[in-house]
Amino acid sequence: MIQFYCLSVLLNVLTGLIILDSGGAAADADPATVSASEQYRLFGSESFVHDELFRLVLGVLTAFVGVLKFLPFASDDIPLLGDFFPALAGLIGGGCIFISYLTDTRGKAFELPPLFRTVFAEHRRIIGIGCVVVAVVHFLIPQAVLL
């Protein structure tokens, strides 16, 4: 369905850009102690994308649309292969935002296993770039067999 195509592209781009945003800690810190990469922000400090509830809803919605992309709705689509990478990007990006929400709200009480910490916390910028790239390519070439 065209609705899931548009929703997937929009959510993957927004999720990727929010993941690429350096986060809320750099905005409150002393500029002399914050590195140059942490000072660069895609969104302003007063933007709605820094709201915790917005990030939670976006992460859950992106992962949900990623799951729905695995289900074949249109008869002319190649099942599973046509939307594999956008669905995978939605699942991983939504999971990254959701895990970021959990670690921000629970603090030290929420400890991630080492594999999840490595993938979703330390390499989150790679996930953000991947979400944006997959969404842009999926937008430009919608009928690709593997995308």
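Phenylalanine 120 is buried (under 20% relative accessible area, with exposed over 50% and partly exposed in between, for a 1.4 Å probe and protein chains only), at a relative accessible area of 13%. This is a predicted model, in which local features need pLDDT of at least 70, side-chain atom pairs count only at pLDDT 80 or more, and totals for chains, interfaces and linings use all residues. Residues are numbered from 1 along each chain as its sequence is written, and side-chain values use heavy atoms, leaving out hydrogens and water. A search of the whole structure finds 3 aromatic pairs, where rings of Phe, Tyr and Trp (its six-membered ring) pair if their centres lie within 6.5 Å.

**Phenylalanine 116 and phenylalanine 120**

- The two ring centres are 5.8 Å apart and the planes meet at 15 degrees, so this pair is stacked (planes under 30 degrees apart; over 60 is edge-to-face and the rest tilted).
- Both residues lie in helix H6 (residues 114-122), 4 residues apart, which is about one helical turn; helices are DSSP runs (H or I, at least four residues), numbered from the N terminus.
- Phenylalanine 116 is partly exposed, with a relative accessible area of 41%.

**Phenylalanine 70 and phenylalanine 84**

- A search of the whole structure gives 3 aromatic pairs, and in the one formed by phenylalanine 70 and phenylalanine 84 the centres are 6.2 Å apart with planes at 65 degrees, so it is edge-to-face.
- This pair links distant parts of the chain, 14 residues apart: phenylalanine 70 is in the loop between helix H4 (52-69) and helix H5 (84-106), and phenylalanine 84 is in helix H5.
- Phenylalanine 70 is partly exposed at 28% relative accessible area, and phenylalanine 84 is partly exposed at 30%.

**Cluster**

- Phe70, Phe84 and Phe85 form one aromatic cluster.

Conventions. Helix = DSSP H or I, 4+ residues; strand = E, 2+ residues; numbered from the N terminus.
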